[in-house]
Amino acid sequence: MKFIHIADVHLGAQPEAGTAYSRQRPRELWDTFARVISLCEQEQTDLLLIAGDLFHRQPLMKELKEVNYLFSRLSHTQVVLIAGNHDYIRRDSFYRNFVWAENVHPLFGEEPEMVLLPEFQTAVYGFSYYSREIREARYDAVRAERAARYEILLAHGGDETHIPIQREALRHSGFDYVALGHIHKSGNLVEKKAAYAGSLEPTDRNDTGRHGFVRGELSEEGTQYRFVPFASREYIHQVVKVAPDMTGWGLKEKLQDIMTEFGRQNIYKFILQGFRDEELRFEPEHLDSFGNIIEIIDETRPAYDFDKLLELNRDNLLGRYIEAFDGCEEGSVEYQALYEGVQALLGN
């Protein structure tokens, strides 16, 4: 039985994206989701698992119709989904009464339930959120009932306020695979047993790293799966070392080179570190050549010419302060005190 496991699609979100992509980025969440559906059809995937937060908030009726249309185009794939903490089942949620295509099986109950898919010898278990937070470790007591040859648990959580998850409980739960959602970074929770797919597309500037889905197979040989990068863009945080001889234009070219190397389609946060010319001030707007820099943090410090400062300030407090540290070695505690004192006296 072959499956694709996605989670945290967050349709309807407004991701941080910089000036170049901010308008189109919400649409890209839908486009990537649609590409997954097309891939399921192309590969004739047996099962599409959606481990919560398909939507970023309560879905609109028109949005459910769009999603359902995509599902209905699948000629072979069965779809099983749960609601997470973002798209939880509210009293007025359109989830409650929506009529899905025949191949779609929502596990929207507040208590654990199961759908049996005889054609794939598979049973899928899960339950949905009915509030934004669930602090109880509710998956600890969920066990496979051996209702089918292959048994899968759909789960959403993993922190203190969203269903704490114990690795050992999942390890001994009896499921062949646990498809996890809520944590936006992909990774194994239990080796060859339970994995987070991570968010399909990054939606927050701190969602760094690769994003995509999990492709897997259940067979007599056991459970096999791997992460597949699939996002159209990634957030990249990059530390950039600055030297005293670097100009504003030189830094701009360096940032351009980094973005060309890692991909101009990605969205960047740069942290500038090191020593700059004491008269130089970097202008973030000037440095954003391609419109895909979301943030520049300037942690650089001015590179003072202490000899020059002493010559110009021998008769005042600044000069006397510098003179008091005469002969200290760069990198020493005394040099650090000299630097910070001069910085304070200059008001930088």
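This report describes the salt bridges of a predicted model.

## Basis of the model

In this predicted model, local features need pLDDT of at least 70 and side-chain atom pairs count only at pLDDT 80 or more, while totals for chains, interfaces and linings use all residues. Residues are numbered from 1 along each chain as its sequence is written, and side-chain values use heavy atoms, with hydrogens and water left out.

## Salt bridges overall

The structure contains 17 salt bridges; the term denotes a side-chain nitrogen of Lys or Arg within 4 Å of a carboxyl oxygen of Asp or Glu. A network of salt bridges links Glu16, Arg205, Lys269 and Glu295.

## Pairs involving helix H2

Arg233 and Glu28 form a salt bridge in which the closest N and O atoms are 2.6 Å apart. Arg233 lies in the loop between strand E12 (222-229) and strand E13 (235-242) and Glu28 in helix H2 (residues 25-43), so the pair ties together parts 205 residues apart in sequence. Helices (H or I, at least four residues) and strands (E, at least two) are DSSP runs, numbered from the N terminus. Arg233 and Glu28 are both buried; buried means under 20% relative accessible area, exposed over 50%, and partly exposed in between (1.4 Å probe, protein chains only).

A salt bridge also joins Arg215 to Glu43, with 2.7 Å between the closest N and O atoms. Arg215 belongs to strand E11 (residues 212-219) and Glu43 to helix H2, 172 residues apart, and the pair links distant parts of the chain. Arg215 is partly exposed at 21% relative accessible area, and Glu43 is partly exposed at 38%.

## The Arg146–Glu151 pair

In the salt bridge between Arg146 and Glu151, the closest N and O atoms are 3.1 Å apart. Arg146 is partly exposed, at 47% relative accessible area, whereas Glu151 is buried, at 0%.
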